[in-house]
Amino acid sequence: MGLGRADDVITLADAGGSWRVRVSCAGRREAAALSEQEGTGEGVEQYLVQFWPATA
């Protein structure tokens, strides 16, 4: 994942603050194997991104 800073994509709150984030991925090994064999592993990886306020 390489979006970089993207303020206009996700709005977590109306005001500033600190947030915690957890990212989980499934399918990385399968994607790597497909990339080596067929040249692409697109659509194999799945991501779950969770956000919550740092004060929680």
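**Contacts, exposure and a nonpolar patch**

Q: What share of the contacts between residues at least 6 apart in sequence join residues at least 24 apart?
A: In this protein that share is 52%. Contact here means heavy atoms within 4.5 Å.

Q: How do you know how far to trust the model?
A: This is a predicted model, where local features need pLDDT of at least 70, side-chain atom pairs count only at pLDDT 80 or more, and totals for chains, interfaces and linings use all residues. Residues are numbered from 1 along each chain as its sequence is written, and side-chain values use heavy atoms, leaving out hydrogens and water. As for pLDDT, that's the predictor's confidence in each residue, from 0 to 100. The protein's mean is 79, and 77% of its residues reach 70 or more. Among its elements, β1 has the highest mean (92) and helix α1 (residues 28–38) the lowest (79).

Q: What makes the pattern of this protein β-α-β?
A: Reading along the sequence gives that order, from 1 helix and 2 strands. Helices (H or I, at least four residues) and strands (E, at least two) are DSSP runs, numbered from the N terminus.

Q: Why is Trp 19 called partly exposed?
A: Buried means under 20% relative accessible area, exposed over 50%, and partly exposed in between (1.4 Å probe, protein chains only). Trp 19, in strand β1, comes out at 33%, so partly exposed is the label.

Q: Is Ser 18 buried or exposed, and why?
A: Ser 18 has 55% relative accessibility, so Ser 18 counts as exposed. Ser 18 sits in the segment before β1, yet touches Pro 53 and Ala 54, leaving aside residues up to four places away in sequence.

Q: What makes Leu 48 a partly exposed residue?
A: Its relative accessibility is 47%, so Leu 48 gets that label. Leu 48 belongs to strand β2 and touches Arg 22, Val 23 and Ser 24, again not counting residues up to four places away in sequence.

Q: Which residues make the nonpolar surface patch?
A: Val 9, Ile 10, Leu 12, Trp 19, Val 21, Val 23, Tyr 47, Val 49 and Phe 51 make this patch of about 780 Å². Like charges are joined within 9 Å, nonpolar side chains (Val, Leu, Ile, Met, Phe, Trp, Tyr) within 5 Å.

Notes:
Patch = residues over 30% accessible without salt bridge, like charges linked within 9 Å, V, L, I, M, F, W, Y side chains within 5 Å. Areas by Shrake-Rupley, 256 points an atom, 1.4 Å probe, with all protein chains shown as cover. Salt bridge = Lys/Arg side-chain N within 4 Å of Asp/Glu carboxyl O.
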